[in-house]
Amino acid sequence: MSNIEQTLSIIKPDAVERNLENEIKQVFKEKGFQIIKAKKIKIEKSEAESFYKVHETKPFYNDLCAYLSSGPIIVMVLEKENAVLGNRELMGATNPKDAEDGTIRKKYGISIDKNSVHGSDSIENAKIEINFFFKD
Ligand code: CMP
């Protein structure tokens, strides 16, 4: 039975700054993800605070929001069978030093903050996050 899902992916400022947009998009395509929508934007810190609201009680929340709003990002809707889990597997562990070979964060991530990509962690959050950036 087919189970096509959509998930939200963000190429974070550290990767955009290093001109990795096309390379990372190519990784997604090679793994069978269709990039349904994509746009390059720069968000305000207040928007990052709203996007990462689930983390508001965490000690890293302020730095995280400052970082996501520090430079241009690419927000994308990815589509594939089981896209939410598939994207999380392809991204690898949150901390690049724990990420497995072949994952995006292992290859491109610099640190737990500058970990190059974000991906929705559940189907429910994917809907919320896609709607956050693509309201049409
Ligand atoms: P992301 O998948 O975008 O979701 C929240 C982000 O918080 C995470 O990637 C990391 O970049 C960042 N972060 C910073 N410190 C931590 C931490 N201790 N645990 C989890 N995430 C962290």
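The questions and answers below concern the ligand and its pocket in this predicted model.

User: Which residues surround the ligand, and how does the shell around the ligand divide by class?

Analyst: The ligand is surrounded by Lys12, Tyr52, His55, Phe60, Leu64, Thr94, Arg105, Ile112, Asp113, Asn115 and His118. Sorted by class, this shell around the ligand holds four nonpolar, four polar and three charged residues.

User: What is the distance from an oxygen atom of the ligand to a polar backbone atom of Ile112?

Analyst: Polar contacts are counted here for N or O atoms within 3.5 Å. Among the side chains, an N or O atom of Lys12 is 2.7 Å from an oxygen atom of the ligand, while a polar side-chain atom of Tyr52 lies 2.6 Å from a ligand oxygen. For Ile112 a polar backbone atom takes part, and its distance from an oxygen atom of the ligand is 2.6 Å.

User: How much of the accessible area that the ligand has on its own does the protein cover?

Analyst: On its own, the ligand has 450 Å² of accessible area. The share of this area that the protein covers is 77%.

User: Where does the ligand sit, and what is the volume of that pocket?

Analyst: The ligand sits in the largest pocket. Of the 23 residues lining this pocket, the closest to its centre are Tyr52, Val54, His55, Leu64 and His118, and of these Tyr52, His55, Leu64 and His118 are also listed around the ligand. The volume of the largest pocket is about 570 Å³.

User: Which element gives the largest share of the lining of the largest pocket?

Analyst: The lining divides into nine nonpolar, seven polar and seven charged residues. Two or more residues of the lining come from each of α3 (45-51), α5 (83-91), β4 (117-119) and α7 (123-133). The largest share, four residues, comes from α7.

Definitions and conventions. Residues are numbered from 1 along each chain as its sequence is written. This is a predicted model: local features need pLDDT of at least 70, side-chain atom pairs count only at pLDDT 80 or more; totals for chains, interfaces and linings use all residues. Side-chain values use heavy atoms; hydrogens and water are left out. A residue is near a molecule or strand if one of its heavy atoms lies within 4 Å of it. A polar contact is a pair of N or O atoms within 3.5 Å; within protein, one must be able to donate a hydrogen and the other to accept it, and residues adjacent in sequence count only if both atoms are side-chain atoms. Accessible areas come from the Shrake-Rupley method with a 1.4 Å probe; for residues, only the protein chains shown count as cover. On a 1 Å grid over the protein atoms alone, a cavity is a set of points where a 1.4 Å probe fits but cannot get out, and a pocket is an open set with protein on both sides within 12 Å along at least five of seven lines; lining residues have an atom within 4 Å of a point. A molecule sits in a cavity or pocket if more than half of its atoms lie within 2 Å of its grid points. Ala, Val, Leu, Ile, Met, Phe, Trp, Tyr, Cys and Pro count as nonpolar, Asp, Glu, Lys and Arg as charged, and the others, Gly among them, as polar. Grid points are joined across faces, edges and corners, and a volume is the space filled by probe spheres set on the points.
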